[in-house]
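Colleague: Thanks for making time for this. Could you take me through the labels on this one and tell me what stands behind each?

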Amino acid sequence: MTFLRLQKRLAASVLKCGKNRVWLDPNEVSEIGLANSRLSIRKLIKDGLIMKRNVQIHSRARARRFQEARRLGRHTGFGKRRGTANARMPQKVLWIRRQRVLRRLLRKYREAKKIDRHLYHRFYLEAKGNQFKNKKVLIEAIYRYKQDKSKDAELKEQQDARRKKNQDKKAKKGDTAVAGK
């Protein structure tokens, strides 16, 4: 059994790969053993006595399957957690997301003329002050505010109408009293 360490090293250099990927024909050991130059190694490669093996496949099928399971919420119990809740999903990130959602909604409403700039500013500051847990709560707050405002306006109109009616009555009464004297 001849050592083919030199031939393997030269073949790896010629084939531009690692020594583990070089395949030497076990039936032609003596012929390969005679090769001691890159030129002779090239000839053996051409003859097919020395070949470059294919790269071994490193499958990601299992990793993909595991990721799919993770997306469904598997393998995420207490035993699988290393970081704190805040390290895994920072409160700051959640806060930023929520603020962006609320501010986007306020901008949309302002551009659609659903709220005026004063109302926009008021709700903007309230959102910043953590008054709204989510988008739904903010929409409800805007709706409630607008309803209250319209109700107040309606009541004011009724009050004004009543006041005017009473004033007219008083004026009529005053006129009749003057006419009666």
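Colleague: What makes you say that helix 1 meets helix 3?

Modeller: Heavy atoms within 4.5 Å count as a contact, and the two helices do meet: Gln7, Leu10, Ala11, Ser13, Val14 and Leu15 lie on the helix 1 side, with Arg38, Ile41, Arg42 and Ile45 on the helix 3 side. By class, this contact has 6 nonpolar, 2 polar and 2 charged residues. Do keep in mind that this is a predicted model.

Colleague: Why are helix 1 and helix 3 called roughly perpendicular?

Modeller: Helix 1, residues 5-15, packs against helix 3 at an angle of about 75°, and their axes are 10 Å apart. The label covers 65 to 115 degrees, so the pair is roughly perpendicular.

Colleague: How many salt bridges does the structure hold?

Modeller: There are 4 of them. Another one joins the side chains of Arg71 and Glu68, with N to O at 2.8 Å. These two sit in helix 4 (residues 61-71), 3 residues apart, about one turn of the helix. Arg71 reaches 61% relative accessibility and is therefore exposed, while Glu68, at 46%, is partly exposed.

Colleague: What makes Asp160 and Arg163 a salt bridge?

Modeller: Their side chains meet with an N to O distance of 3.2 Å, and the limit is 4 Å. Both residues lie in helix 8 (residues 135-180), again 3 residues apart, or about one turn of the helix. Asp160 has a relative accessible area of 38%, so Asp160 is partly exposed; Arg163 is partly exposed too, at 45%.

Colleague: Why is Arg88 called partly exposed?

Modeller: Arg88 has a relative accessible area of 44%, and because that lies between the 20% and 50% limits, Arg88 is partly exposed. Its place is in helix 5 (residues 85-88). Apart from neighbours within four places in sequence, Arg88 is in contact with Lys80, Arg81, Arg82 and Gly83.

Colleague: Now the whole chain: how does its radius of gyration stand against that of a compact globule?

Modeller: A compact globule of 181 residues would come out near 16 Å, but this chain has 43 Å. The C-alpha trace spans about 150 × 40 × 25 Å along its principal axes. As for burial, 18% of the 181 residues count as buried, the label for under 20% relative accessible area.

Colleague: And what pattern do the helices and strands follow along the sequence?

Modeller: The chain has 8 helices and 2 strands, and they follow the pattern α-β-α-α-β-α-α-α-α-α. Among contacts with a separation of 6 or more, residues 24 or more positions apart account for 59%.

Note on methods. Residues numbered from 1 in each chain as written. Predicted model: local features only at pLDDT ≥ 70, side-chain atom pairs only at ≥ 80, totals over all residues. Heavy atoms only, no water. Helix = DSSP H or I, 4+ residues; strand = E, 2+ residues; numbered from the N terminus. Buried < 20%, exposed > 50% of the residue type's maximum accessible area, 1.4 Å probe, protein only. Axes fitted to C-alpha atoms, helices over the stretch in contact; angles between N-to-C directions. Parallel < 35°, antiparallel > 145°, perpendicular 65-115°, else oblique. Nonpolar A, V, L, I, M, F, W, Y, C, P; charged D, E, K, R; others polar. Rg over C-alpha atoms; globule rule 2.2 N^0.38 Å.
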